[in-house]
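These are my notebook entries on a structure that I had not examined before. I record what I looked up, in the order in which I looked.

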Amino acid sequence: MSMGSWYILVTKLLEQRKIAAYTQEAVEKFWSAGTVAQGAETLHAESPYRFIAAAGLAATEKHSGLMGHIPLADWISMSISRSVDRVNREMQAGLSFLATVGSIAPFVGLFGTVWGIYHALTGIATAGQLTIERVAGPVGEALIMTAAGLAVALPAVLAFNVMGRVINRVEQELEGFAHDLRAL
């Protein structure tokens, strides 16, 4: 669980760094282009802003058949909204794992604590006498399990909270771009 949490944290931080660069690129290049198609072409192929702009363009080209019964402005708006939702889902991938680890790991550690104390008590019961040697080892192991559970949970919870804030900020920027694109 710890390795998975650290992997998600590192990959999400790298992903957010790229998205920050794509945001800057969209601000500098997209809105200075002559058309939406030209603006989309100026953006990096992996940019979520390009994906959203391309969805708006594709909506104008695919406005036929049953979709033709939907007003064009509504159809474009729906297509852009779906593309923003898809980008947001991709950015949030892994956050549920972090939340799960953050909530489960302390209980795994607690289970180890209970197991260690159980072994300490059975050792005392089989020996028939209470000595520090009979209790210290298993109780020490139990405390290590508690610490291990917390050591796994704390980074996951912190990563979840930090990434949640960062992703929320990016989602707001994407939504602003999509709003301006809809207006265009």
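Entry 1, salt bridges. I began with Glu-46 and Lys-18, whose side chains meet in a salt bridge at 3.2 Å, N to O; the term requires a side-chain nitrogen of Lys or Arg within 4 Å of a carboxyl oxygen of Asp or Glu. This pair links distant parts of the chain, with Glu-46 in the loop between α2 and α3 and Lys-18 in helix α1, 28 residues apart. Helices are DSSP runs of H or I with at least four residues, numbered from the N terminus. Glu-46 is exposed at a relative accessible area of 53%, whereas Lys-18 is partly exposed at 42%. Here buried means under 20% relative accessible area, exposed over 50%, and partly exposed in between, with a 1.4 Å probe and protein chains only.

I note that the model is predicted: local features need pLDDT of at least 70, side-chain atom pairs count only at pLDDT 80 or more, and totals for chains, interfaces and linings use all residues. Residues are numbered from 1 along each chain as its sequence is written, and side-chain values use heavy atoms, leaving out hydrogens and water.

I then searched the whole structure and found seven salt bridges. One of them joins Lys-29 to Glu-25 at 3.9 Å, N to O; both residues lie in helix α1, four residues apart, about one turn of the helix. Lys-29 is partly exposed at 38%, but Glu-25 is buried at 15%. I also noted Glu-173 and Arg-169, which meet in a salt bridge at 3.2 Å, N to O.

Which residues touch the most other members of the largest nonpolar core? I found Phe-30, Tyr-49, Ile-52, Ile-80, Met-91, Leu-174 and Leu-181, in a core of 34 residues. Such a core is a set of buried Ala, Val, Leu, Ile, Met, Phe, Trp, Tyr and Cys residues joined through side-chain atoms within 4.5 Å. Helix α6 gives the largest share, eleven residues. Looking at Ile-80, I listed Ile-52, Gly-56, Ala-178, Leu-181 and Arg-182 as residues it touches, not counting those up to four places away in sequence; contact means heavy atoms within 4.5 Å.

I located Gly-109 in helix α5, residues 95-127. Gly-109 is buried, with a relative accessible area of 1%. Leaving aside neighbours within four places in sequence, Gly-109 is in contact with Met-145, Thr-146 and Gly-149. Val-108, also placed in helix α5, is partly exposed at 40%.

Terms used. Helices (H or I, at least four residues) and strands (E, at least two) are DSSP runs, numbered from the N terminus.
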